[in-house]
Amino acid sequence: SHPNAEIAFLSAERSAGKKYAEVYPQFSHLSHLPDLVKLEDVNYDKADVVFTCLPHATAHKVVAAVPESAKVVDLSADFRLSDIKVYEHWYNVEHGAPDL
C-alpha cells in the first residue's frame, strides 16, 4: 500500500461479489480492500491510474474503456509491443485496440 493511493476497485470475473480475502485468504490482513467486481461493473471515472493484468487479447477492450485522463499500467502482453504488426504476428490474433 501507499499512503497517497487508494484502491478504488478490484475485479475478478468468476469471484465478483466476494471479499478479496475470501478468494485470497493470505491477504486477510488487508480487510480494507473493496469487494471484487466484474469488469463490466467498474466505474473508471475517478481512477487516476488503472493496473491491468489480464490474459492476452483481453486488455484491449478493458483499456479502451478507461478514460484518457487516467494512466494505464498494463502487465499483460496486449500493449507490450509498440508495433501492431509484430504483435499480431507473435500472438496470432488481431490487435483489439490499434488506436491506443
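Tutor: The largest pocket has a volume of about 1,000 Å³, in what is a predicted model. Its lining is made up of 31 residues, and those closest to the centre of the pocket are Ile7, Phe9, Leu10, Ser11 and Phe51. Two elements, β1 and β3 (49–52), each give two or more residues to this lining. The largest share comes from β3, with four residues. Sorted by class, the lining has 23 nonpolar residues, along with four polar and four charged ones.

Next, the salt bridge. The structure holds one, and it is formed by Asp35 and Lys19, with 3.2 Å between the closest N and O atoms. Asp35 sits in the loop between α1 (20–23) and β2 (36–37), while Lys19 sits in the loop between β1 (10–11) and α1, so the pair ties together parts that are 16 residues apart in sequence. Asp35 is partly exposed, its relative accessible area being 34%.

A further site is His60, which belongs to helix α2 (residues 59–65). His60 has a relative accessibility of 4% and therefore counts as buried, the cut-off being under 20%. A polar atom of the His60 side chain lies 3.0 Å from the backbone nitrogen of Gly96.

Key. Residues are numbered from 1 along each chain as its sequence is written. This is a predicted model: local features need pLDDT of at least 70, side-chain atom pairs count only at pLDDT 80 or more; totals for chains, interfaces and linings use all residues. Side-chain values use heavy atoms; hydrogens and water are left out. A salt bridge is a side-chain nitrogen of Lys or Arg within 4 Å of a carboxyl oxygen of Asp or Glu. Buried means under 20% relative accessible area, exposed over 50%, partly exposed in between (1.4 Å probe, protein chains only). On a 1 Å grid over the protein atoms alone, a cavity is a set of points where a 1.4 Å probe fits but cannot get out, and a pocket is an open set with protein on both sides within 12 Å along at least five of seven lines; lining residues have an atom within 4 Å of a point. Grid points are joined across faces, edges and corners, and a volume is the space filled by probe spheres set on the points. Ala, Val, Leu, Ile, Met, Phe, Trp, Tyr, Cys and Pro count as nonpolar, Asp, Glu, Lys and Arg as charged, and the others, Gly among them, as polar. A polar contact is a pair of N or O atoms within 3.5 Å; within protein, one must be able to donate a hydrogen and the other to accept it, and residues adjacent in sequence count only if both atoms are side-chain atoms.
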